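This report is for a reader who has not seen this structure before. It moves from whole chains to single residues.

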Amino acid sequence: MKLDQSSYMFGMILFELQDVVGKDCVSCRDSDKEVYSIDYFWIPEMWADRQKNNNITRPTADFIIHPKNADEISRILKIANNYKIPVTVWGGGSGSQGGALPVFGGIIIDTKRMDRIFDIDQKSMTVTVGTGIIMQRFEWELEKSGLSTMHDPASSNCATVGGFLANRGTGVWSTKYGKIEDMVVNMEVVLPTGEIINTLPVPKTACGPDLNQIFLGSEGTLGVITKVTLIIRHLPEVRKFRAYIFRDLATGLRVGQRLLEKNLQPTVIRLYSESETKELIKKVLGIEREGAYMVFGFDGSEEMVDLQMKCGMEIAAEEKGEDLGEELGKQWYKNRYKFFFPPYMFKLPQCFGTLDSVASYTNIQGVHDAMREVIETRYPMARFIAHFSHWFHWGAMIYARFIIDNPPEDPEEALYLHNSIWNDCLRAAIKAGGVLNEHHGIGIKLGRLVPELYGDSFIVLKQMKKMFDPNSIMNPGKMGLGI
Amino acid sequence: MKIKVEAIKLSKSLSDTLEACRYCFMCRQACPSEFISYRESDTPRGRGIILQSVYKTGQEYTKSKIEAVYNCFVCGSCTSWCEGAEIGHYDIPELIKFARRDIVKQKLMSPAVEMMCRSLVENENCFGQNKSESFSSKIKETEADVLYLAGGEVNFRNNEIAEAMLKIFRYLNVKVTMLKDEPSCGKILDLLGYQEEAILKASQLAKRIRSTGCKTIVVSDPLILHCLRNDIPGWAIDLNKNLKILHSSEYLAELIKSGLLKLNPVKEKVTLADSEFLGRYNNIYDAPREVIGSSAGSNFAELKWNRDKLLCTGESAFIHDDKVFSFGKKLGEEIAILANDIGAGTIVTLSAAAKNNLEGFKGFKALEISEFVAGLI
């Protein structure tokens with residue numbers, strides 16, 4: 001449904017929405033429509049850049065709404081259902097998958113006014129917070145009491161807590177503390193039909209399926225997560241890091257796997273492929289070396305950290321890693337976000353994308369090799385880099401990227417090339433035992449591949465969507481769930 | 001409102017800023033304007049996208065795009081928090097100033113901005129007050145080695161700051177003068193996009209300064225300091241190069257260092273709200289700390305965010321008719337939370353604007369630095 005702004009019906013619906021949140025909290029301003037039509041997905045950025053010389057447009061929202069709580073969202077969703085208006089939820093808008101884009105117009109619900117910290121329970125070590133809070137600002141508040149969620153991704157500066165929940169995000173300390181989905185105690189959710197529900201007070205029950213897990217990663221297609229209780233931790237006494245160069249990626253992968261296998265608790269393991277070591281590590285950290293760069297680290301009490309570090313260093317030495325010392329490990333920690341700032345980050349007119357996937361230790365090297373082979377054999381204009389930054393007892397996550405310095409000028413050709421690379425690389429990854437994504441989500445970027453990934457079980461997602469959202473108003477076009 | 005605009009061209013460095021910032025989210029947590037409106041268009045990235053639409057893809061300026069350009073506090077917090085700014089030299093405030101100049105050139109500014117300009121041009125203040133209401137309208141200009149410039153906000157609203165400064169001069173037997181009907185320096189006009197008018201004002205001020213024959217200028221307003229040290233030379237306006245130009249905090253720090261001024265100790269916890277125009281634009285961070293430290297000693301405590309990382313005190317959240325850009329208190333609220341976090345009894349500010357934005361919150365009192373010092377001699 002695209003509304004004609006000059007019609008009285010537009011005014012009638014606008015009035016209903018203003019009645020819910022107040023006049024100042026509904027925007028139909030062209031400046032907002034412009035800005036909310038681009039997230040961190042390459043396609044809308046490229047489209048906007050090339051608008052001047054091409055007769056192209058971007059889909060925009062009709063109404064951008066800033067509700068302050070679940071009740072207001074409930075009322076907005078009831079109005080949207082009445083008129084069958086698409087609703088897209090926008091947190092920080094920093095997702096890379098186009099998940100927050102209003103691709104069929106309608107309403108954008110910007111959650112950032114829901115930024116209140118309701119309760120810090122230092123006995124249970126939990127915090128209850130509105131999902132619109134910017135992660136970094138949330139962490140600054142927790143820091144005052146020496147606490148942290150330990151969810152510390154590069155997008156902390158710009159993404160909301162709700163954005164992480166909706167996309168099953170992760171942070172640099174995930175190897176010890178888990179992804180955001182591992183930190184959830186309970187949630188308040190507004191269902192697409194307007195009911196406000198709360199999941200069970202604690203997650204580890206035997207009272208049926210965990211409802212949290214239905215909404216985590218649902219990318220706003222099954223409802224709006226408005227409040228969450230998360231696990232918190234005391235900030236560690238110390239964090240110590242060590243940097244190494246291993247002769248190749250395979251050796252680095254083995255070291256990472258052994259660190260976990262030995263039941264050590266590394267806070268972080270970051271392993272950079274030979275090509276990323278050459279390109280990015282040199283650029284950001286100034287280290288010029290052949291091989292695979294790795295940083296691992298531990299946190300906690302100094303005694304425990306030193307003991308774990310000793311064990312970790314023994315493994316690295318057994319694998320003949322060149323010890324670059326503590327200082328270079330610290331440097332990585334200090335500069336861990338720098339990679340994402342201009343001019344370090346890739347930028348248009350370059351064409352680029354993050355092909356993050358996850359697989360078992362048995363398959364992870366194969367996933368890397370399969371995607372690299374696709375790039376090297378089918379897309380000679382592109383280069384391929386990768387690092388491995390989130391590690392589990394059973395496998396690891398690959399953060400692979402392709403970069404094309406001079407993509408086609410024509411936007412449609414550029415889109416075709418971009419999407420072809422994604423299709424080919426991710427199909428190869430799935431074949432090798434990987435999945436479509438590990439922590440960025442699906443959005444509009446990868447939705448078309450979801451039925452292929454899920455195969456027979458895709459029907460479960462389809463039927464859930466139908467049951468929760470009978471009018472299909474919530475984030476249509478995303479996650480392969482159609483409109 | 002749709003207006004046909006013939007956009008002017010961006011310089012290479014501003015174009016680089018636009019390209020770097022238009023899709024980058026990495027300073028969002030540091031932009032003070034977003035946490036007032038919660039709108040994406042009130043972020044550095046949002047403004048980048050809007051300016052890209054005008055200057056790169058040839059779209060028209062509209063009323064709401066113009067509003068987004070004027071919602072920026074040009075405080076430079078985004079640049080301070082950008083980990084790539086050091087090598088990329090990105091400068092969002094300069095980009096915003098460029099856009100405002102263009103908007104003014106195309107006569108697209110809002111009536112409120114126009115009124116503010118008129119008030120500054122005719123009455124030397126942006127509050128819409130008559131020239132005769134100023135502190136400096138009542139003084140007698142004399143010959144002196146030291147010239148004290150109060151600035152618009154002190155002159156028209158916060159006379160107590162000028163009185164505190166004059167008390168310090170008297171205490172030290174310093175022969176000082178002010179300018180009768182002190183002209184504005186033009187900095188606010190410059191920040192609003194009226195560069196021609198700003199240059200004219202700065203020239204008039206320079207002429208009045210020259211006529212005093214002073215050797216040292218002490219200013220209370222960081223905007224004047226910025227104008228005298230940076231804009232006047234940049235605009236090639238004639239001003240004695242040997243003139244010593246100091247913010248009051250620098251002047252007081254020199255006196256303390258030389259032993260000419262000794263402050264009584266304060267017993268409560270004191271903190272400092274850094275000034276964006278003194279700090280980020282002129283690297284003045286130590287002088288106010290030396291002044292406060294000489295009295296407070298270990299009772300001086302830093303805010304969690306300080307120096308270039310303090311978001312914004314609102315020195316360019318100009319107020320006209322008590323309405324326009326009246327977000328200063330919201331900016332103050334953020335800093336008030338930080339002050340209460342550390343249990344400060346006093347927060348020292350470096351401008352009248354910062355004092356006004358920090359006044360009235362529970363838990364502490366806000367004093368401009370000359371008031372702080374005048375109370376301790």
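What follows describes a predicted model, beginning with chain A.

**Chain A**

Chain A has 16 helices and 18 strands. Its radius of gyration is 23 Å, close to the 23 Å that the globule rule gives for 483 residues, so chain A is as compact as a globular protein of that length. Along the principal axes, the C-alpha atoms of chain A fill a box of roughly 75 × 55 × 40 Å. Of the 483 residues in chain A, 50% are buried. Among contacts in chain A with a separation of 6 or more, 73% come from residues 24 or more positions apart.

The domain assignment divides chain A into domain 1 (8–112), domain 2 (117–234), domain 3 (238–340) and domain 4 (351–440). Between domain 1 and domain 4 of chain A, the C-alpha centres are 30 Å apart. Contact between these two domains involves ten residues of domain 1 of chain A and nine residues of domain 4 of chain A. On the domain 1 side, five of the residues are nonpolar, four are polar and one is charged.

**Chain B**

For chain B the assignment gives domain 1 (12–109), domain 2 (123–253) and domain 3 (262–374). The C-alpha centres of domain 1 and domain 3 of chain B lie 26 Å apart. Their contact takes nine residues from domain 1 of chain B and 14 residues from domain 3 of chain B. The domain 1 side of this contact has six nonpolar, three polar and no charged residues.

Helix 14 of chain B spans residues 248–257, and its buried residues are B:Ser248, B:Ser249, B:Glu250, B:Tyr251, B:Leu252 and B:Ala253. Their cover includes helix 10 (159–171), strand 3 (216–219), strand 4 (244–247), helix 16 (286–296) and helix 19 (369–374) of chain B. Just after helix 14 of chain B comes B:Gly259, with a positive phi of about 85°.

**Between the chains**

Chain B places 31 residues in contact with 35 residues of chain A. On the chain B side, helix 1 (12–21), helix 3 (44–55), helix 4 (63–70) and helix 6 (85–88) each supply at least two residues. The largest share, five residues, comes from helix 3 of chain B. By class, the chain B side has twelve nonpolar, eleven polar and eight charged residues.

In soluble globular proteins, nonpolar side chains tend to be buried together. The largest nonpolar core here has 254 residues, of which A:Ile65, A:Ile107, A:Ile109, A:Met371 and B:Ile217 touch the most other members. Leaving out residues up to four places away in sequence, A:Ile107 touches several residues, including A:Phe63, A:Ile65, A:Ile76 and A:Val87.

**Backbone details**

| Residues joined | Omega |
|---|---|
| A:Pro342 and A:Pro343 | about 5° |
| A:Leu348 and A:Pro349 | about 10° |

A:Pro343 lies in the loop between helix 12 (325–334) and strand 16 (351–360) of chain A. A:Pro349 is also found in the loop between helix 12 and strand 16.

A:Asn475 is not a glycine, yet has a positive phi of about 45°. This residue belongs to the segment after helix 16 (458–468) of chain A. Is A:Asn475 buried or exposed? A:Asn475 is buried, because 31 other C-beta atoms lie within 10 Å.

B:Asn283, likewise not a glycine, has a positive phi of about 55°. The place of B:Asn283 is the loop between helix 15 (276–282) and helix 16 of chain B. B:Asn283 is exposed, because it has 10 other C-beta atoms within 10 Å.

Conventions. Residues are numbered from 1 along each chain as its sequence is written. Chains are lettered from A and ligands numbered from 1 in the order in which they are written. This is a predicted model: local features need pLDDT of at least 70, side-chain atom pairs count only at pLDDT 80 or more; totals for chains, interfaces and linings use all residues. Two residues are in contact if their C-beta atoms, placed from the backbone, lie within 7 Å. Helices (H or I, at least four residues) and strands (E, at least two) are DSSP runs, numbered from the N terminus. Ala, Val, Leu, Ile, Met, Phe, Trp, Tyr, Cys and Pro count as nonpolar, Asp, Glu, Lys and Arg as charged, and the others, Gly among them, as polar. Domain bounds come from an automatic or database domain assignment. The radius of gyration is taken over C-alpha atoms; the globule rule is 2.2 Å times the number of residues to the power 0.38. A residue is buried if 20 or more other C-beta atoms lie within 10 Å of its own, exposed if 12 or fewer, and partly exposed in between; C-beta atoms are placed from the backbone. A nonpolar core is a set of buried Ala, Val, Leu, Ile, Met, Phe, Trp, Tyr and Cys residues joined through C-beta atoms within 7 Å.
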